[in-house]
Amino acid sequence: MAFTLSSKASGSAVLRAATAKSPAPAVIRAGVRCGAKARRNLVVSNVAAPAKEQWHVNIHGPGPNSDRADLPQLISKEQVQALEAELDQGASIAALRRFNDALRNIPADRWESVLRPVFNELCFNLESFNPAFTSCLLMVQRTIGVSDYVRRDLALKNLIQPLAGEYGMHNGQQQLKTHRELFSDFFTSLFGYDLQQLLADSPAPTSAQALFAQMSRDIMSGGNQSEDPLEQASYALGYNLAIEYLADYEKTWMLDSFRALDERIFAGLGKKIDWIFLEVHAEGEAEHAAIGHNAVLNLVSSQHAPVLRRAMADHDRDFAAFYNAVAAMLEEGSNRSA
Ligand SMILES: [Fe+2]
């Protein structure tokens with residue numbers, strides 16, 4: 001049965017970030033919550049298991065020192081937005097719709113056996129973005145001596161935040177739980193036992209491993225098509241942008257689907273789902289997409305627009321393959337006779 005998915009929020013965040021102009025490098029507080037009340041919650045959340053994790057990111061656009069006559073012209077925000085719009089029509093969005101449709105319709109009497117292999121894949125897949133982010137960052141760092149000092153630094157000043165966030169580190173805060181801990185908490189609240197047990201009992205997550213192998217190969221080699229460090233960095237920045245842009249849809253819809261399942265199945269079983277993992281990602285990916293967008297604006301030249309497009313298309317293709325595979329797992333598990 002078709003269902004309505006909530007609308008994507010990152011467009012406004014991206015636009016807000018990309019259009020800001022100031023004499024100094026634009027620093028935009030795209031805070032999830034920045035008010036005094038939220039700050040009090042933050043202090044509490046540093047010392048105890050938080051009911052809800054909250055933080056802000058800083059988004060850095062190109063500054064006055066980013067443009068010099070001797071440097072190649074930077075790509076425009078309009079060019080990047082046009083490429084992002086292509087992702088809206090891409091294979092990954094279709095695969096994510098298929099996955100969420102199947103997820104919402106799993107049978108109530110066999111939800112555990114249907115979801116178990118999918119969580120085995122998701123566990124690997126979600127963690128695999130950490131080395132992917134690190135690789136993207138490294139490809140920019142490696143342009144030392146080749147790219148402009150200020151441009152490179154501002155791109156990295158954006159990229160470090162989502163990566164650090166995976167390990168519970170956020171601006172102005174003590175270190176919180178890592179996203180691996182949050183995922184583990186979510187899993188245990190749903191299944192009633194440790195994530196370690198799932199990992200020990202499960203086969204290799206072959207679909208997630210295949211995606212990781214392709215992500216690593218592509219990010220580290222400019223899509224296997226370039227030896228030029230700057231072109232490889234442009235590719236990595238496009239790849240990173242595609243990851244973050246699609247993750248906004250992915251996590252928002254996943255939260256919606258699990259909330260629907262909670263209403264239909266889990267609440268009736270007396271389960272108290274730990275929503276923090278899904279909530280921080282559903283809320284935070286819009287800011288991450290804005291960060292990925294601005295990292296591109298800081299370093300990628302307009303002549304590298306085709307490189308950016310190729311990177312985004314490569315991730316769209318491989319991410320779609322992963323989500324089609326896990327959607328098929330849900331569909332087959334749901335259709336199998338009990
Ligand atoms: Fe995460």
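User: In what order do the elements of the chain run from the N terminus on?
Analyst: This is a predicted model, in which local features need pLDDT of at least 70, side-chain atom pairs count only at pLDDT 80 or more, and totals for chains, interfaces and linings use all residues. Residues are numbered from 1 along each chain as its sequence is written. Helices (H or I, at least four residues) and strands (E, at least two) are DSSP runs, numbered from the N terminus. The chain has 12 helices and two strands, and their order is α-β-α-β-α-α-α-α-α-α-α-α-α-α.

User: What is the mean pLDDT of the chain?
Analyst: pLDDT is the predictor's confidence in each residue, from 0 to 100. In this chain, 83% of the residues reach 70 or more. The mean is 86.

User: What percentage of the residues of the chain count as buried?
Analyst: A residue is buried if 20 or more other C-beta atoms, placed from the backbone, lie within 10 Å of its own, exposed if 12 or fewer, and partly exposed in between. The chain has 338 residues. Of these, the buried ones make up 43%.

User: Which residues does L330 contact, leaving aside its neighbours within four places in sequence?
Analyst: L330 is one of the residues that touch the most other members of the largest core. Its contacts beyond four places are F99, A102, L103, I106, V114 and V118.

User: How are α4 and α10 oriented to each other?
Analyst: Axes are lines fitted to C-alpha atoms, for helices over the stretch in contact, and angles run from 0 to 180 degrees between N-to-C directions. Helix α4 (residues 91-104) packs on helix α10 (residues 229-266) at about 10°, with the axes 9 Å apart. Angles under 35 degrees count as roughly parallel, over 145 as roughly antiparallel, 65 to 115 as roughly perpendicular and the rest as oblique. So α4 and α10 are roughly parallel.

User: Which residues of α10 make the contact with α4?
Analyst: From α4 come S92, I93, L96, N100, L103 and R104. By class, the contact has eight nonpolar, three polar and two charged residues. Here Ala, Val, Leu, Ile, Met, Phe, Trp, Tyr, Cys and Pro count as nonpolar, Asp, Glu, Lys and Arg as charged, and the others, Gly among them, as polar. The α10 side is L246, Y249, E250, W253, S257, A260 and L261.

User: How are α7 and α11 oriented to each other?
Analyst: Helix α7 (residues 179-191) meets helix α11 (residues 276-299) at about 130°, with the axes 7 Å apart. H179, L182, F183, D185 and F186 of α7 touch I276, F277, L278 and V280 of α11. These residues divide into seven nonpolar, one polar and one charged. At that angle, α7 and α11 are therefore oblique.

User: Why is E279 classed as it is?
Analyst: E279 lies in helix α11. Its C-alpha atom is 6.8 Å from that of L255, 24 residues apart along the chain. Because E279 has 18 C-beta neighbours inside 10 Å, the class is partly exposed.

User: Is N224 buried or exposed?
Analyst: N224 sits in the loop between α9 (206-221) and α10. Its phi is near 65°, a positive value in a residue other than glycine. It has 10 C-beta neighbours inside 10 Å, so N224 is exposed.

User: Which residues does Q175 contact beyond four places in sequence?
Analyst: Q175 is in the loop between α6 (149-166) and α7. Q175 is exposed because 11 other C-beta atoms lie within 10 Å. Its contacts are G168 and M169.

Definitions and conventions
Two residues are in contact if their C-beta atoms, placed from the backbone, lie within 7 Å. A nonpolar core is a set of buried Ala, Val, Leu, Ile, Met, Phe, Trp, Tyr and Cys residues joined through C-beta atoms within 7 Å.
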